[in-house]
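Q: Please take a close look at the aromatic rings of this structure. I am new to it and would appreciate one connected account.

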Amino acid sequence: MILINDVNMKTGILVMVLICGMYGCSVKNEKIQYPVAERQEVTDDYFGTAVPDPYRWMEDDTTEKVAEWVEVENRVTQVYLDRIPFRERLRQRLTDLTNYEKIGMPFKKHGKYYYYRNDGLQNQSVLYVKETLDGEPSVLLDPNSLSDDGTVALSGISFSNDGRYLAYTVSRSGSDWREIYVMDLATKQLTGDYIRWAKFTGAEWERDGFYYSAYDAPEEGKEYSGVNENHRILYHKLGTAQEEDVLVYENKKYPKRFYTAWVNDDETLLFVFESGEERGNNLFMKDLRKPQSPFMQLTEDFEYEYSPAEVIGEDIYFYTNYGAPKYRLMKAAAGKPALADWKDVVPESGNVLNNVSFIGGKMILSYTKDASDHAYVYSLDGKRECEIALPTFGSVSFSGDKDDPETFYLFTSFIFPGTVYRYDLDGNKSEKYLAPDVRFNADQFVTEQVFYTSRDGTEIPMFITCRKGLRRDGRNPVYLYAYGGFNISLFPSFSTWRIPFLENGGIYVQANLRGGGEYGEEWHIAGTKMQKQHVFDDFIAAAEYLVKEKYTVNEKICIAGGSNGGLLVGAVVNQRPELFGVALPAVGVMDMLRYHRFTIGWNWASDYGTSEDSREMFEYLYGYSPLHTVRNDGTPYPAILVTTADHDDRVVPAHSFKYTAALQAARTGDAPKLIRIETKAGHGAGKPISKIIEEYTDIYSFAMYNLGMNPRIFE
């Protein structure tokens, strides 16, 4: 019997809501009546082990049955959130904090300056252009005009090398699918060129057209869940229909690999990246000065990352971790570009090289030291000239052109809002160009970095941000965030969403777990496949450290993470439910046995392995998969709010649906186990400000309420 289809079930929920509204039921003391999801007899065999999958039907998220379940789940969650007494005040505080002018770092193209600006509460930032740095700006492209609700986002731009055109990509409702349009920069009018079903791509200009990557149009109804296969590179000539685009590169032998293009500014060389197999990529090159020349394969494995950083004359600079787990910069001649001919320009050092920018005839290299950026100026032959002094530990990014000495950089940290500096390359001097006016007093807060010991003795770095003078009396609420995967580093960054939590005595903690890239490829590998438990151990040890050092107690710890971080939260809650008071798994990978069967999930096998690889790999995944390891023995779980979105075609919402159904059906105590399902949104990118405010209001209301906070400060 499918109770969510039962009229009486729906009526019962509505009656419960009305009664509680009339008599002021306490949301904390009330035992929530969850929708009962149908359990079907579905079983898979993995190397002789039978694994039930009773909620398989939720994978088909376009059916009426799933839509009804989503509707009722959202209603139950909304009733709970609506009765949190400070929720509306928190919403207003977050709105006020967000309502400040945000201006991005300027970048110069063809003698003009471009930048993004948001006047405060615009759903999407607007692209402006100025003739001079001090000139009057005009709107070049306003994404807010592309939809009534802000759910169409500008996801990328690319200027033609002659300065005549701008190709831009848009995403609808947060999907990874991209549409490409072209604007005539002289008239600011669209040319009529239009590309659909592009994905994981920008537009790489050459002559009177551009290269892009795309798939065939997906099956109707499977646009956001079907497996993506046969990625290929095409060339679009301006003024022609997409159907006339020329196939440039594909490899039908490997339908699940990615193929993307990059062209240098001088339009002399075309590079093709081949990825989706193991941790790295292969690299191919074609000399565009010789139209009939074939592609040359420069590398022959997927163990390492190979990326052209810049082409200067006949010299190609490569950024790679080949033979250098912490990365290095190499160089080869365009006439002899094979890997065997690459030579060091800047060898590997003790810190991780994470970015290279070519500006004004020099190079600016950013290195990661203990999860914080340090930036240096180098000559083109690899000699270090000076360090760029940054305000504190944090993260930095640069803009500039290889032939123009003018450069800017954007710096941010936990209590340091993103600030733009103008940098003098010759004098090694920085001057503040633009600082945002955020309505909070940064002087009241402090960030420190600590190192704690994980289960196997590994030292893990962690940032702790709180009010100055906060007492370590073991009673402070904590918001502990981490990711731990895919060679992705977590750097210090500023967010207005954390401010009310900090203002009301909360501590924001960010842990740099193994699986990330903070200490290079070896740190990454240590958290992959059959070493994934290291990531969970690192996160658990972070919480234990905070308790041991009397920052907090178990029931005052909220853990949070998204995507691979959602998997992290789901896994550690099942392993140590008593250690946390609240858990916030967002858009998480929760079904580790079937993740590779949806959209691009197969691409994550380099970090996870798959249930089809071997008995050992299956058993390892089965042993921590959040969906499959939910306890059902009465062990009390923390309060859990799962968040996902209906257009997430990166980590399909079925992960969160099945996990939530399993949680709600299990005996895990009376703390709430709820799910919030956003509509017309995806994995996170491009989400309009209005939806972000609503989402963070709900997330922090839920967390603060279940941590026992009684927030009074909403300045």
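**Aromatic rings and their partners**

A: In this predicted model, K199 lies over the face of W177, 4.1 Å from the centre of the ring. A charged end is likewise placed over a ring at R498, which sits above Y508 at 4.1 Å from the ring centre. Y508 also belongs to an aromatic cluster, together with F393, F414, F463, Y479, W497, F501, Y696 and Y700.

Turning to pairs of rings, a pair of this kind is described by the distance of the centres and the angle of the planes. The count for this model comes to 55 aromatic pairs. One of them is formed by Y168 and Y181, whose centres are 5.6 Å apart and whose planes make an angle of 20 degrees. The pair is stacked, because planes under 30 degrees apart count as such. Y168 belongs to strand 9 (residues 165-172) and Y181 to strand 10 (residues 177-184), and the two are 13 residues apart. Both Y168 and Y181 are buried.

A further pair joins Y249 and F295 in an edge-to-face arrangement, with 5.3 Å from centre to centre and 80 degrees between the planes. Y249 is located in strand 15 (residues 246-249), whereas F295 is in the loop between strand 18 (281-287) and strand 19 (296-297), so the pair ties together parts that are 46 residues apart in sequence. F295 has a relative accessibility of 23% and so counts as partly exposed.

How values were computed: Residues numbered from 1 in each chain as written. Predicted model: local features only at pLDDT ≥ 70, side-chain atom pairs only at ≥ 80, totals over all residues. Heavy atoms only, no water. Phe/Tyr/Trp six-rings, centres within 6.5 Å; stacked < 30°, edge-to-face > 60°. Helix = DSSP H or I, 4+ residues; strand = E, 2+ residues; numbered from the N terminus. Buried < 20%, exposed > 50% of the residue type's maximum accessible area, 1.4 Å probe, protein only. Lys NZ or Arg CZ within 6 Å of the ring centre and 35° of its normal.
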